[in-house]
Amino acid sequence: MKKILIIGASGGIGQALVAAFKARGDDVVGLSRSEDGFDITDEHIVSRHLEQLTGPFDTVIVATGALEIEGAAPEKTIKAVTEKAMMDQFALNALGPALVLRHAADLLPRDRPSVFAVLSARVGSIGDNRIGGWVSYRSAKAAVNQIVHTTSIELARTHKQATCVSLHPGTVATPFTEKYLGRHPSVPPEEAAENLLGVIDRLTPAQSGQFFDWAGKAVPW
């Protein structure tokens, strides 16, 4: 039995991840804003919650995030960018995971393999951006990818067997995405969770600091 920590456990993907790990017989701890008051954008709240946990954890997953915050839809063009919408995106999708990653060295074991995964998005890939738009969300996800990559370098100095990665779960049919599915194929949260577990199970420390999709394929930065 492994110890698992899911940040954002009340969301569509988060709930599915909790259920998938529990189905394996793992010991799962979940934290969320709605159920635990875990505001990932508040450094004091993040520290207080994480410092109270009994670790270490074999797997930590940050499954928080939002495409639309306070009614601000993704921009169709750079001309639509506003200060508040962009700052809200960075607070939740980049700063939040960074505040959790501050504690990665304390959450993960030093004497055995472990995984720290942050759910990102393919639209955060600079190399894969061919149509523009969604400026704030894209930029926040690109930022979190850099944060994960940087953390992986530092973590490797003390946790030789740790793997720290960004993961793209695919397009998942949740309230998070229902307005934006359009013609894009999507999968239910349960299937997305199983796909992510399959990727996590195959990760090795040599892959730390990289960005993978739901099928385990590398995504360009």
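## Ground rules

Residues are numbered from 1 along each chain as its sequence is written, and side-chain values use heavy atoms, with hydrogens and water left out. Because the model is predicted, local features need pLDDT of at least 70 and side-chain atom pairs count only at pLDDT 80 or more, while totals for chains, interfaces and linings use all residues.

Let's start with strand β1, residues 3-7. Helices (H or I, at least four residues) and strands (E, at least two) are DSSP runs here, numbered from the N terminus. Of the 5 residues in β1, 4 are buried, so the strand is largely enclosed by the rest of the structure. "Buried" means under 20% relative accessible area, "exposed" means over 50%, and "partly exposed" is in between, using a 1.4 Å probe and protein chains only.

Which strands pair with β1? Two strands pair if DSSP finds at least two bridges between them. Strand β2 (residues 27-31) runs parallel to β1 and is joined to it by 5 bridges, with I4 standing opposite V28. Strand β3 (residues 59-62) is also parallel to β1, through 4 bridges, and there I7 stands opposite V62. Between β1 and β2 comes helix α1 (residues 12-23), and together these elements make a right-handed β-α-β unit. Right-handed means that, with the strands pointing away from the viewer, the path from the first strand over the helix to the second runs clockwise.

L31 lies in strand β2 and counts as buried at 6% relative accessibility.

In soluble globular proteins, nonpolar side chains tend to be buried together. A nonpolar core here is a set of buried Ala, Val, Leu, Ile, Met, Phe, Trp, Tyr and Cys residues joined through side-chain atoms within 4.5 Å. The largest one has 27 residues, and those with the most contacts inside it are I6, L17, F21, I61, L119 and L167. At least two residues of this core come from each of β1, α1, β4, β5 (162-168) and α7 (189-202). A second, separate core has 23 residues, among them I40, V100, L107 and A162.

What does I61 touch? Not counting residues up to four places away in sequence, I61 touches L5, I6, I7, L17, F21, A117, L119 and I200.

## Rings in pairs

Rings of Phe, Tyr and Trp (its six-membered ring) pair if their centres lie within 6.5 Å; planes under 30 degrees apart count as stacked, over 60 as edge-to-face and the rest as tilted. By this rule there are 2 aromatic pairs. W134 and Y137 have ring centres 6.2 Å apart and planes at 75°, so they are edge-to-face. Y137 is buried at 7% relative accessible area, whereas W134 is partly exposed at 28%.

The pair of F211 and W221 is stacked, at 5.8 Å centre to centre with 25° between the planes. F211 sits in strand β6 (residues 211-213) and W221 in the segment after β6, 10 residues apart. Here F211 is buried at 1%, while W221 is partly exposed at 41%.

There's a charge over a ring, too: K3 lies over the face of F57, at 5.1 Å from the ring centre. To qualify, NZ of Lys or CZ of Arg must be within 6 Å of the ring centre and within 35 degrees of the ring normal.

Most residues other than glycine have a negative phi, and most peptide bonds are trans. Where is the cis peptide bond? A cis bond joins G55 and P56, with omega about 0°, and P56 is found in the loop between α3 (43-51) and β3.

Then there are positive phi values. E70 has a phi of about 50° although it is not a glycine; E70 is found in the loop between β3 and α4 (83-101) and counts as exposed at 67% relative accessibility. W134, from the edge-to-face pair, has a positive phi near 50° and is found in the loop between β4 (114-119) and α6 (135-155).

Methods:
Contact means heavy atoms within 4.5 Å.
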